[in-house]
Amino acid sequence: MNTPIRRLALVVFAMFTALLISTTWIQFVQAEDLRERPGNRRTLIDNYSRDRGAILVDGTPIATSEPTDDELEWLRQYDQAQRYAHVTGYYSFTYGAGLGLERAEDPVLAGTDDSLFYQRLSDVVTGTPASGASLELTIDPDVQAAAAEALGDRRGAAVALDPATGEILAMVSRPSYDPNALASHQLAAVDEAYTSLSEDPAEPLVNRAIGGDLYPPGSTFKLVLAAAALESGEYSPDTELEGGLTYTLPNTETELPNFGGVACDPEGRPTLAESVQVSCNTSFAWLAGELGADSVREQAEAFGFGQPLEVPMSVTPSIYPDEMDDAQLALTGIGQFEVRETPLQVAMISAAIANGGVTMTPYLVEEVRGSDLEVIERNEPRTRSRAVSQESAEQLTEMMTQVVERGSGQSAALPDIEVAGKTGTAEFGESGAAHAWFTGFAPADDPQIAVAVVVESATDNWVGETGGLVAAPVARAMLEAGVQR
């Protein structure tokens, strides 16, 4: 064999080897990833040959599959679509399992999850048509309805938790959308609807309750400062703080004022409890410097900041900044600078205080049920961390009840039921706009529900829409529904 033929043989051998390796890699290593890709047409057609599992709230389906006469044998339909859109997500032939539980629990709903192996085997043996499993959610329909109706057309989000278990009782994000428009078998209309939604500057597809760009928490973050102070052992509710008319940010000439331009105390020495009640900016800016960034960050992390979480949708971790100067540290004391939170995280702070200082892991799916309604999996409450001691939780609860009884949170008060809460008004950008916050729980002496509400600024310039005026009434509606469940 001459040299050119040997070289050609080596090239052909190398090509066949590369083909063999690439084919093996695709068929065995990448097979699962390729099959699970949302745009895989073959997988989608196969999935449409099965009855996709329902999503239920209190036994009532909010997402089901109905038989059709076209190539795609099942049509996904959503009841109360706008109310539950960010919980369910959508299931589309064009865009696959998109957002919400449709994406997070796609293998379970499609019937391909490993946990459903014996159900699939039984279906084959008995000749039963293949189907997915159903999800029974932790959502309370009355609390969800109260949140959706109270938010109305305002942009923002609302979350409710059971403090003792971590069950998510409500999750609402505004603006919302209609998942039915994306589940349609009229594919041209689906493309048009998706393009319109994805290009909408209001970002209706974003679940603001657990993700998106996150929000500055404003004065709701003062709960973290108060907790850090109590946990340090150097402060009590009666400890006096520096709280004058203004506070000069360290190493600057910038004056930080209190809301309304008034002193928090006639003597400029409010206690920690009084500072929470009147939401004193100057005292909490001063307190942040006294505690130090490490102490505040450690307390924030104890409540869940910076930690991965799936409910089962992925939750964007909330942020306490790593590097800052003394002036920026002071601003974090009032929930500004680069502190960013999800409404779920804010609700987790209130829930931990309500639960004696223990943070429970939030979850949205209560049970997974097979086609025969047998429970395949049941989620149980799980402790996530101890955020504060029992004593600190009781002291924080008392401070928060004063906010609702005498302070800025009076719009969240309920007749004959003691409510604990904290308002917040969080500036963002450079226009002077501000988001309105409220977080709290009820009843204060036997907590059944903890909530967080954020209402985005309606204008580019702030027009006085404080947390007490705008967010607290939404929270009140949710708390009222929650204590009656």
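Is arginine 378 buried, partly exposed or exposed? I looked this up in a model that is predicted. Arginine 378 is partly exposed, with a relative accessible area of 46%.

**Entry 1: the pair around arginine 378.** I next examined the partner of this side chain. Glutamate 367 forms a salt bridge with arginine 378, and the closest N and O atoms lie 3.0 Å apart. The pair links distant parts of the chain, with glutamate 367 in strand S14 (residues 365-369) and arginine 378 in strand S15 (residues 375-378), 11 residues apart. I noted glutamate 367 as buried, because its relative accessibility is 9% and the limit for buried is under 20%.

**Entry 2: arginine 208 and glutamate 456.** I then turned to a second pair. The side chains of glutamate 456 and arginine 208 meet in a salt bridge at 2.7 Å, N to O. I located glutamate 456 in the loop between strand S19 (449-455) and H18, and arginine 208 in the loop between helix H10 (187-199) and helix H11 (222-232). The two residues are 248 residues apart. Both glutamate 456 and arginine 208 are buried.

**Entry 3: arginine 83 and glutamate 149.** I found a salt bridge between arginine 83 and glutamate 149, with the closest N and O atoms 3.4 Å apart. Here arginine 83 belongs to helix H4 (residues 81-88) and glutamate 149 to helix H8 (residues 141-151), 66 residues apart. Arginine 83 is partly exposed at 24% relative accessible area, whereas glutamate 149 is exposed at 58%.

**Entry 4: salt bridges overall.** How many salt bridges does a search of the whole structure find? I recorded 14. I also noted a network of salt bridges that links Arg52, Arg76, Glu102 and Asp106.

**Entry 5: the largest pocket.** I looked up the largest pocket and recorded about 830 Å³ of space in it. Its lining comprises 34 residues, of which Ser219, Asn258, Phe259, Asn281 and Thr425 lie nearest the centre. The elements that give two or more residues to this lining are strand S10 (255-257), strand S17 (420-427) and helix H18 (467-483). Which element gives the most to the lining? I found that S17 does, with five residues. By class, I listed 15 nonpolar, 15 polar and four charged residues in the lining.

**Entry 6: a surface patch.** Last, I inspected the surface around phenylalanine 16, which is found in helix H1 (residues 3-29). Phenylalanine 16 counts as exposed because its relative accessibility is 56%. Val12, Phe16 and Leu19 form a nonpolar patch on the surface, and together they have about 300 Å² of accessible area.

How values were computed. Residues numbered from 1 in each chain as written. Predicted model: local features only at pLDDT ≥ 70, side-chain atom pairs only at ≥ 80, totals over all residues. Heavy atoms only, no water. Patch = residues over 30% accessible without salt bridge, like charges linked within 9 Å, V, L, I, M, F, W, Y side chains within 5 Å. Areas by Shrake-Rupley, 256 points an atom, 1.4 Å probe, with all protein chains shown as cover. Salt bridge = Lys/Arg side-chain N within 4 Å of Asp/Glu carboxyl O. Helix = DSSP H or I, 4+ residues; strand = E, 2+ residues; numbered from the N terminus. Buried < 20%, exposed > 50% of the residue type's maximum accessible area, 1.4 Å probe, protein only. 1 Å grid on protein atoms, 1.4 Å probe; cavity = no way out; pocket = protein on both sides within 12 Å on 5 of 7 lines; lining within 4 Å. Points joined across faces, edges and corners; volume = space filled by probe spheres on them. Nonpolar A, V, L, I, M, F, W, Y, C, P; charged D, E, K, R; others polar.
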